[in-house]
Amino acid sequence: MAGRTLRRLVSSTLIKTVPQCDVFEGNWKYVLVEATEGGLDKMEHLVTQCPCEQCESCGTEGKCDRSCFHKALAKPTCDSLKEQGCKTWMAGGGWITVEPESKTMHVHGVSIAMGPADHKITADKLRDSFPQYTITFDEE
């Protein structure tokens, strides 16, 4: 099961209720989502992980076995953004390891079905959202 959730909200005027970075303690799959607001050219990157205690997309509510597909875990975030008038794109996936005791996060791995996310963009987004953490990444 996921531990404590770490969240930072987007500062965008339209994307108000969706976390910019939604990560959990431990080692979990993540998806880098790109969102544009209506007809605007401005794009936001969002980092989302599987919220297994609440997630219905993989059918393992409260007893996550971490087998849900990257695309399924990003669906609630993308659906919420679309309800706000945004266009979304799942830009790839991987894994994020969050260790709150040592204040570190490590971005790594790849989604077999979606391909790799740009881990540098993900790491930069995490650094902006969690400046108290040391963020590293591997481009695999």
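Mentor: The count comes to 3 salt bridges, in what is a predicted model. Begin with helix 1, residues 70-83. There K75 forms a salt bridge with D79, and the closest N and O atoms are 2.7 Å apart. The two residues are 4 apart in helix 1, so about one helical turn separates K75 from D79. K75 is partly exposed, with a relative accessible area of 45%, and D79 is partly exposed as well, at 30%.

Now turn to helix 2, residues 119-129. At its start, a side-chain oxygen of D118 reaches to within 3.0 Å of the backbone nitrogen of K120. The side chain of K120 meets that of D124 in a salt bridge, 3.0 Å from N to O. K120 and D124 are 4 residues apart in helix 2, which means that about one helical turn lies between them. D124 also meets R127 in a salt bridge, at 2.9 Å from N to O. R127 and D124 are 3 residues apart in helix 2, about one turn of the helix.

Other residues of helix 2 are buried, namely H119, T122, A123, K125, L126 and S129.

Notes: Residues numbered from 1 in each chain as written. Predicted model: local features only at pLDDT ≥ 70, side-chain atom pairs only at ≥ 80, totals over all residues. Heavy atoms only, no water. Buried < 20%, exposed > 50% of the residue type's maximum accessible area, 1.4 Å probe, protein only. Polar contact = N/O pair within 3.5 Å; in protein donor to acceptor, adjacent residues only side chain to side chain. Salt bridge = Lys/Arg side-chain N within 4 Å of Asp/Glu carboxyl O.
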